[in-house]
Structure formats: C-alpha cells, structure tokens
Amino acid sequence: MAKYELALVVNAKIEDEKRVAVVKRAQGYIERFGGKVGATEEWGKKRLAYEIQKMHEGYYYFIKFEGQSNTPNDLEQNMRIMDNVLRYLIVRLDDEAEIGEPNETDVKTEEAETAEETAEAAEAEEAPAAEEAAAEEAPAAEEAPAAEEAE
C-alpha cells in the first residue's frame, strides 16, 4: 500500500463539533475506500492566502494514511461534494515516510488558545527581566578581581 497525506482546509465559521465531524467523515471515507488512517495533525486557524467562498480564514488539518492506488481518486470524488471543506489536496508520500499512529483529533477552543497566548506573553516578559538581572551581576563580578589587583 502507498502512503498519502490529505490536507484539508475547513470552514472557520462553523462550530467546533461540526469541524471535528468533517474531519471524522474524511477519515471514514479513507477507511471505506480501503485505506488505513494514520496521524492527524491540526494546525489550527490560519489566514488564507486569498479569499475562498467569501472567507479569509480556515482551519488546517493534515491526515496521513495508507491506501491502494484507487483510494485517492475515490476519496477526492467525495471530498469535492463535502460541505464546509474549502480546499483539499492529496499527495503521495515517500515510501520511507512515517504515517504515525491514529490519534484523536484535538480541537482547541478559543479559551485554550487565549490561555496559551497569555502564557507565551508572560514567558516573553520574564526573559528580558532575567537577562537584565544577569547583566547587572556580571559587571559587579568583573569589578571584584580588579579591586584585588589594585591592592
């Protein structure tokens, strides 16, 4: 069986449950057409390079899978007519590529994203303060040997 990766761009204006259902449905199609689903990555909400169906943002998902040579064609026929899928792309991976183990699609809520951003901002503020403290200690250490030499 060959290894493939399905890239999905899902409508950003739908609810989390519906978005997860779209991804699960795509995984179901893969299995229905003789494929074996591997790792599923969620890249989250990203700005689109250009407007698609009057939308400027979409959720990106990458699903790795193994399948027969006809699996991508059958999958593509069904992806075309799925609601809430803005774009999709199926590419064949190298034979050495790992498809990983199947995992649960993890959908982050806006609250979780806000908490992560707050934590990152706090870390960014702490780093300069630590560097300033280290810079203040360094000159004091350099002055001490100079004072001993003068005696």
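Two strands count as paired if DSSP finds at least two bridges between them, and helices (H or I, at least four residues) and strands (E, at least two) are themselves DSSP runs, numbered from the N terminus. In this predicted model, local features need pLDDT of at least 70 and side-chain atom pairs count only at pLDDT 80 or more, while totals for chains, interfaces and linings use all residues. Residues are numbered from 1 along each chain as its sequence is written, and side-chain values use heavy atoms, with hydrogens and water left out.

Four strands form an open, antiparallel sheet in the order β2-β3-β1-β4, and its edge strands, β2 (36-52) and β4 (85-92), each pair on one side only. Strand β1 (residues 2-11) runs antiparallel to strand β3 (residues 55-67), and 10 bridges join the two; Glu 5, for instance, has Lys 64 in β3 as its bridge partner.

| Helix | Strands touched | Angle with a strand |
|---|---|---|
| α1 | β1, β2, β3 and β4 | about 30° with β3 |
| α2 | β1, β3 and β4 | about 175° with β4 |

Helix α1 (residues 16-32) and helix α2 (residues 71-80) also pack against each other at an angle of about 145°, with their axes 9 Å apart. In this contact, Ala 26, Tyr 29 and Ile 30 of α1 meet Thr 71, Leu 75, Asn 78 and Met 79 of α2.

Note on methods. Axes are lines fitted to C-alpha atoms, for helices over the stretch in contact, and angles run from 0 to 180 degrees between N-to-C directions. Contact means heavy atoms within 4.5 Å.
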